[in-house]
Amino acid sequence: ESSQPSPGPGGGVHAPGRAAVPGRHLRTDRWWLAPAATVAALTAFVAYSTWRAFAGADYYAAPYVSPFYSPCLAHDCVPMKGGADWPLFGPWWSISPALIVLIFPLGFRLTCYYYRKAYYRGFWASPPACAVAEPHAKYTGETRLPLILQNLHRYFFYFAVLVAGVLTYDAVLAFRDPGGAWGHMGLGTLVLLANIALIWAYTLSCHSCRHIVGGRLRTFSKHPVRYRMWTAVSRLNAHHMALAWASLVSVAVADFYVYLVAGGTFADPRFF
Ligand code: FES
């Protein structure tokens, strides 16, 4: 040990006791590809969703409502919710309805264990990839503000379940024709169905969900129902990353579809 060169002062990979590797890393593959792709994809999504969330228009094309705007707490969404009025959110409510509800799915994704890994690597290079030293001298993990707030994830999970419930309701309403009669199926119905299936798969594959259904048990044999649920969630959980991306794409596609139909750019093909 004493014959090795000193790793130098500071923390991180230069902390005492760490192996003294002269280069920043020893990887020879294209390790930068995944963080670069993460940055590109998340930036594109944030740009798109910001534009749409602030637009406050073209989010409802009967019988479809954009998932960005649901539950739609706005006066002009009233017809699709069965005529109930929202006294709090009448015409005087000038803020885009998406800004009221997006905080929940956004908070859920922002604090998601997978997305945390992805954006810590992509945007903060902390670390950029496995076995690649990060540029930061200090590492405090998620032990202080603001990152300690990542612990709120489990609570965002509960809200995410509620939002998924509302989107399921929207998908069911997509089987009504624009006049309100049941028995309709258009391309938009399929788009909303595919989206809600992916949203549920992503939500239920959450690590917090896995802990909620199967955690804090001493013996699975005494809790067969929870064991079965945990087994099912664990199977989904193995695909959490793929589901995170698939549902992110599907929610944007569903919103864009409603935008095109609502704006008259595209006529929703009707199957029956
Ligand atoms: Fe990703 Fe909970 S860990 S949604």
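What percentage of the 272 residues of the protein chain count as buried? The share is 26%, where a residue is buried if 20 or more other C-beta atoms lie within 10 Å of its own, exposed if 12 or fewer, and partly exposed in between, with C-beta atoms placed from the backbone. The model shown is predicted: local features need pLDDT of at least 70, side-chain atom pairs count only at pLDDT 80 or more, and totals for chains, interfaces and linings use all residues. Residues are numbered from 1 along each chain as its sequence is written.

**Figure 1. Overview of the protein chain.** The protein chain holds nine helices and two strands. Among contacts with a separation of 6 or more, 69% join residues 24 or more positions apart; two residues are in contact if their C-beta atoms, placed from the backbone, lie within 7 Å.

**Figure 2. Segments annotated as transmembrane region.** An unreviewed UniProt entry gives the annotation "transmembrane region" to residues 31-51, 92-115, 155-175, 181-202 and 242-262. UniProt positions are in the numbering used here, feature names are shortened, and annotations may be inferred rather than shown by experiment. In the model, residues 155-175 are 90% helix and 0% strand, with end C-alpha atoms 32 Å apart. Residues 242-262 are 100% helix and 0% strand, and their end C-alpha atoms are 30 Å apart.

Figure 3. The expected span is 1.5 Å times one less than the number of residues in the helix. Pro35, Arg52 and Ala53 are the buried residues of α1, and their cover includes α2 (97-101), α4 (113-124) and α9 (240-262). The axes of α1 and α4 come within 8 Å and cross at roughly 100 degrees. The two helices are therefore roughly perpendicular, a term for angles of 65 to 115 degrees, whereas angles under 35 count as roughly parallel, over 145 as roughly antiparallel and the rest as oblique. Axes are lines fitted to C-alpha atoms, for helices over the stretch in contact, and angles run from 0 to 180 degrees between N-to-C directions. Where the helices meet, Pro35, Thr38, Val39 and Leu42 of α1 face Ala118, Tyr119, Arg121, Gly122 and Phe123 of α4. Just after α1, Gly56 has a positive phi of about 65 degrees.

Figure 4. The 23 residues of α9 should span 33 Å at 1.5 Å a residue, and the end C-alpha atoms are 32 Å apart, which agrees. Its buried residues include His240, Leu243, Asp255, Tyr257 and Val258. The buried residues of α9 pack against α1, β1, β2, α4, α6 and α8 (224-237). A nonpolar core is a set of buried Ala, Val, Leu, Ile, Met, Phe, Trp, Tyr and Cys residues joined through C-beta atoms within 7 Å. In the largest such core, of 42 residues, Tyr64, Val65, Leu192 and Val258 touch the most other members. Elements giving two or more residues to this core include β1 (60-61), β2 (64-65), α5 (153-173), α6 (187-204) and α9. Beyond its neighbours within four places in sequence, Val258 is in contact with Tyr59, Ala61, Tyr64, Val65 and Ser66. After α9 comes Gly264, with a positive phi near 80 degrees.

Figure 5. Most residues other than glycine have a negative phi, and most peptide bonds are trans. The bond joining Ala62 and Pro63 is cis, with omega about 5 degrees, and Pro63 is in the loop between β1 and β2. The bond from Ser70 to Pro71 is also cis, with omega near 0 degrees, and Pro71 is in the loop between β2 and α2. The C-alpha atom of Pro63 is 8.3 Å from that of Gly179, 116 residues apart along the chain. Gly179 lies in the loop between α5 and α6 and is exposed, with 8 other C-beta atoms within 10 Å.

Figure 6. Ala131, in the loop between α4 and α5, is not a glycine but has a positive phi of about 65 degrees. Ala131 is exposed, with 10 other C-beta atoms within 10 Å. Arg216 has a positive phi near 55 degrees and is in the loop between α7 and α8. With 6 other C-beta atoms within 10 Å, Arg216 is exposed.

Notes: Helices (H or I, at least four residues) and strands (E, at least two) are DSSP runs, numbered from the N terminus.
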